[in-house]
Every structure is written in C-alpha cells, then in structure tokens.
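Let's take a walk through a protein model together. Have the sequence and the 3D view open while you read.

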Amino acid sequence: MHLEEKTLGVEEIYNGKIIRITKEQIELENGKQSIREVVYHSGGVCVLPVDNDGNIYLVKQFRYPFKTVLLEIPAGKREAGEEPLACGIRELKEEIGAEAESVVSLGKLYPTVAYDTEVIYMYLATGLSFGETHLDEGEFIDVVKMPFDKAYQMVIDDEIPDAKTQIAILKAKNFIK
C-alpha cells in the first residue's frame with residue numbers, strides 16, 4: 001500500500017449544480033487514519049484559438065471568487081458524458097463565435113490536485129472562421145484579440161494569472177513560431 005490511501009467511509013457535505021463536496025475517512029500507508037475533504041467536479045475544456053496572422057482570442061470575464069475581471073482563453077464546464085473535444089468545439093463557438101479547421105490536443109491539467117477532482121483538457125484551434133456567439137444565460141464576456149507573442153509575454157510577466165490560460169499558451173509555444 002506504498003503511496004496509497006484507502007477509503008474507509010464517505011460523508012456527503014454538499015451537492016450543488018457545479019460541485020459535490022465530501023468528507024472522507026481514509027487509512028494512510030502507516031495504518032493511521034485521517035480525513036480528506038474532496039471537491040468533485042465534472043471537469044472542463046479550454047481552447048486557445050489562433051488565427052492565420054498569429055493572433056489569439058481571449059475573453060475578459062468577471063470571476064466572482066477573486067472579485068476581478070480576468071483574461072482567459074475560451075473555456076467551459078463539461079456536461080455529463082460530454083467528450084472533451086466536443087465540449088471545446090462548443091465553447092469556442094459559444095464564447096467567440098469561431099469554428100476551426102483544425103483542433104489539436106495540448107494535453108490535460110489537474111488544476112488543484114490536493115482536494116479537487118477537476119480535469120481540464122486543453123486544445124489549440126487554428127484555421128478559424130467567425131460567426132455569431134451564443135453565450136450561456138448570465139454569461140457576460142468581452143473578446144480580446146492580440147498577437148500570440150504579446151499574450152506569451154503577459155504570461156511570463158504574471159499579467160495573466162489564470163492557470164489554464166498560462167499552461168495552454170506556454171504549451172502552444174511549441175506549435176506557434
């Protein structure tokens with residue numbers, strides 16, 4: 001049982017629209033018991049859209065937990081049973097009105113490994129064509145177009161604090177010259 005923890009019991013604390021929270025009794029590898037509080041989340045997808053001129057499209061959105069507007073790549077929560085790629089294509093259309101000729105995986109990330117089950121799948125979208133956006137009810141965003149190199153430098157200079165956006169931009173540097 002090296003580097004493993006055994007679940008002994010689970011108590012549901014909260015079951016909401018986006019997350020479920022449990023308090024779990026566990027057994028450590030040394031036989032002692034402890035508690036883990038776990039946030040269960042269906043996960044999400046983010047898409048870095050890049051046009052033929054090397055510009056990327058970001059969204060500005062108020063993020064309530066931080067009480068501020070953040071600059072992020074288009075992203076959204078996966079619905080139950082929804083494939084990550086389908087979610088990414090849907091979010092790209094909803095948030096910036098774009099369709100892509102090519103969508104390639106940039107991998108996945110675990111944003112908060114100590115207590116949250118969320119997995120975010122990342123994609124790079126190219127060959128963009130634009131139409132109308134289809135924002136979710138209660139979603140308010142501004143679309144920002146900027147050169148990839150400027151966004152990359154903003155990540156390096158700590159001007160874009162959103163983790164999924166940082167990682168997708170840093171990984172995309174391998175594809176964008």
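How many of the 177 residues of the protein, as a percentage, count as buried? The share is 38%, where buried means under 20% relative accessible area, exposed means over 50%, and partly exposed is in between (1.4 Å probe, protein chains only).

Some ground rules before we go on. This is a predicted model, where local features need pLDDT of at least 70, side-chain atom pairs count only at pLDDT 80 or more, and totals for chains, interfaces and linings use all residues. Residues are numbered from 1 along each chain as its sequence is written, and side-chain values use heavy atoms, with hydrogens and water left out.

**The overall picture**

The protein has 3 helices and 10 strands; these are DSSP runs numbered from the N terminus, with helices (H or I) of at least four residues and strands (E) of at least two.

**A sheet and its helix**

Now look for an open sheet of 3 strands, in the order E6-E5-E10, with antiparallel pairing. Two strands count as paired if DSSP finds at least two bridges between them. E6 (68-72) and E10 (141-147) are the edge strands with a single partner each, so one side of each has no neighbour in the sheet. On average, neighbouring strands here are turned by 30° against each other, ignoring direction. E5 (residues 55-63) is joined to E6 by 5 bridges, and Val59 has Glu72 in E6 as its bridge partner.

Helix H2 (residues 148-156) lies across E5, E6 and E10, at about 105° to E10. For such angles, axes are lines fitted to C-alpha atoms (for helices over the stretch in contact), and the angles run from 0 to 180 degrees between N-to-C directions.

| Residue | Relative accessible area | Class |
|---|---|---|
| Tyr64 | 57% | exposed |
| Ile176 | 15% | buried |

Tyr64 sits in the loop between E5 and E6. Ile176 is in the segment after helix H3 (163-172).

What does Ile176 touch, leaving aside its neighbours within four places in sequence? Its contacts are Val50, Leu124 and Phe148, contact meaning heavy atoms within 4.5 Å.
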